[in-house]
Amino acid sequence: GSEIPENQLPAAISTAIKSNYANWKIDDVFKVEEDGNISYVVELDGNRDKHVYYSADGKLVKETADDDA
């Protein structure tokens with residue numbers, strides 16, 4: 001995917017992150033297009049970094065811990 005500015009994140013995803021990950025800081029945002037489907041990967045900085053994957057309509061697809069941090 002390609003990195004995009006945080007302000008280009010769809011509002012539904014921003015809202016979901018603010019409510020579900022209130023204590024985390026958005027680090028990097030990536031927009032991924034695959035087979036005509038767009039999804040977003042957001043890297044969160046916190047106690048332990050994590051990546052959260054969202055569909056374009058703001059549904060959480062999966063969450064992974066960033067073990068490289």
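Which residues touch the most other members of the largest nonpolar core? Some notes on that and a few other spots, bearing in mind that this is a predicted model.

1. The core. The largest nonpolar core has 13 residues, and those touching the most other members are Leu-9, Ile-17, Ile-26, Val-42, Leu-44, Val-52 and Tyr-54. Helix H1 (11–20) gives two or more residues to this core, and so do the strands E2 (25–34), E3 (37–45) and E4 (50–55). As background, nonpolar side chains tend to be buried together in soluble globular proteins.

2. Leu-9 up close. Setting aside neighbours within four places in sequence, Leu-9 has contacts with Ile-4, Ser-14, Ile-17, Ile-26, Val-29, Tyr-40 and Val-42.

3. Lys-62. You'll find Lys-62 in strand E5 (residues 60–65). Lys-62 counts as partly exposed because its relative accessibility is 44%, between the 20% and 50% cut-offs. Beyond four places in sequence, Lys-62 is in contact with His-51, Val-52 and Tyr-53. His-51 sits 11 residues away in sequence, with a C-alpha to C-alpha separation of 8.4 Å from Lys-62.

4. Asp-35. Have a look at the loop between E2 and E3, where Asp-35 is placed. The phi of Asp-35 is near 55 degrees, a positive value in a residue other than glycine. With 74% relative accessibility, Asp-35 is over the 50% cut-off and therefore counts as exposed.

5. Confidence. Mean pLDDT for the chain is 93, with 97% of residues at 70 or more.

Definitions and conventions: Residues numbered from 1 in each chain as written. Predicted model: local features only at pLDDT ≥ 70, side-chain atom pairs only at ≥ 80, totals over all residues. Heavy atoms only, no water. Core = buried A, V, L, I, M, F, W, Y, C linked by side-chain atoms within 4.5 Å. Buried < 20%, exposed > 50% of the residue type's maximum accessible area, 1.4 Å probe, protein only. Helix = DSSP H or I, 4+ residues; strand = E, 2+ residues; numbered from the N terminus. Contact = heavy atoms within 4.5 Å. pLDDT = per-residue confidence, 0-100.
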